[in-house]
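This briefing goes through the model shown below, taking a few individual residues and then the chain as a whole. Please keep the sequence and the structure in view while reading.

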Amino acid sequence: MSEDEFRAALSRLSAGVVLVTAHDPEEGARGEDVGMTATAFMSVSLDPPLVMVSVRNGSRMDDLLARQPLWAVSVLSESQRHIAGRFAMKGRISDRLLFEDIPYTRGEATGAPLVGGALAIVECSTEQRVTAGDHTLVVGRVLRAGTPSADGGPLMYFRGRYHTLG
């Protein structure tokens, strides 16, 4: 099986789109916010409340979460495709510029950016990291969760493109 065959087969699995964020207190005088688009995010356990996200080994987010345990997830709505695309770009500009014109608040439990208008938000503290091939599975204990917006449906990813349910 080739990498292309594997990628094509898995592209038939639809997934919700989230923005994973964290604050890097060691970057600059005030620190810096870091974000990445993810489709490999899921609930793991209800008791205790655990979620998991998959991050590419050696990525900025992987490096940050290896030394800083607090992070957050904003479940993106169908109207937030531009945010997903912006944080998924290869060779992108600095994270500071990516956050510049996006409305967000700081998480009460993590200090991480939470995107305004997101369908749901989840704040976490890393419980476990598991290396799995070229990615790391980051399991987080949910410290706080909420549903700030009920407007619209979820942003979905299917066959390599963003979609809506409607």
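In which strand is the place of T37? The model is predicted, and in it T37 belongs to strand β3, which covers residues 32-38. The points below begin with T37, turn to other residues, and end with the protein overall.

- T37 has a relative accessible area of 16%, and because buried means under 20%, T37 counts as buried.
- The side chain of T37 reaches the backbone oxygen of A84, at a distance of 2.7 Å.

**S74 in strand β6**

- S74 is placed in strand β6, made up of residues 70-75, and with a relative accessible area of 0% S74 is buried.
- The backbone nitrogen of V115 is reached by the side chain of S74 at 3.0 Å.
- Leaving aside neighbours within four places in sequence, S74 is in contact with V17, V18 and L19, with P113, L114 and V115, and with A118, A120 and I121.

**H135 in strand β10**

- H135 is found in strand β10, which runs over residues 135-146, and its relative accessibility of 25% makes H135 partly exposed.
- The side chains of H135 and D134 are joined by a polar contact of 2.8 Å.
- Not counting residues up to four places away in sequence, H135 touches S54, V55, R56, N57 and V130.
- Although H135 and D62 are separated by 73 residues in sequence, their C-alpha atoms are 8.7 Å apart in space.

**Backbone geometry in two loops**

- Most residues other than glycine have a negative phi, and most peptide bonds are trans.
- The peptide bond from D47 to P48 is cis, with an omega near 5°, and P48 is located in the loop between β4 (41-45) and β5 (50-56).
- R159, which is a residue other than glycine, has a positive phi near 55°, and its place is in the loop that lies between β11 (155-158) and β12 (161-164).

**The protein as a whole**

- The secondary structure consists of four helices and 12 strands.
- A compact globule of 166 residues would have a radius of gyration near 15 Å, and the value for the protein, 15 Å, agrees with this.
- Taken along the principal axes, the box filled by the C-alpha atoms is roughly 45 × 40 × 35 Å.
- Of the 166 residues, 42% are buried.
- Among contacts between residues at least 6 apart in sequence, 63% join residues that are at least 24 apart.
- The accessible surface amounts to about 9200 Å², and carbon and sulfur atoms account for 53% of that surface.
- There are 17 positive and 20 negative side chains in the protein, and the centres of these two sets lie 4 Å apart.

How values were computed: Residues are numbered from 1 along each chain as its sequence is written. This is a predicted model: local features need pLDDT of at least 70, side-chain atom pairs count only at pLDDT 80 or more; totals for chains, interfaces and linings use all residues. Side-chain values use heavy atoms; hydrogens and water are left out. Buried means under 20% relative accessible area, exposed over 50%, partly exposed in between (1.4 Å probe, protein chains only). A polar contact is a pair of N or O atoms within 3.5 Å; within protein, one must be able to donate a hydrogen and the other to accept it, and residues adjacent in sequence count only if both atoms are side-chain atoms. Contact means heavy atoms within 4.5 Å. The radius of gyration is taken over C-alpha atoms; the globule rule is 2.2 Å times the number of residues to the power 0.38. Accessible areas come from the Shrake-Rupley method with a 1.4 Å probe; for residues, only the protein chains shown count as cover. Lys and Arg count as positive and Asp and Glu as negative; His and the chain ends are not counted. The place of a charge is taken as NZ of Lys, CZ of Arg, CG of Asp or CD of Glu.
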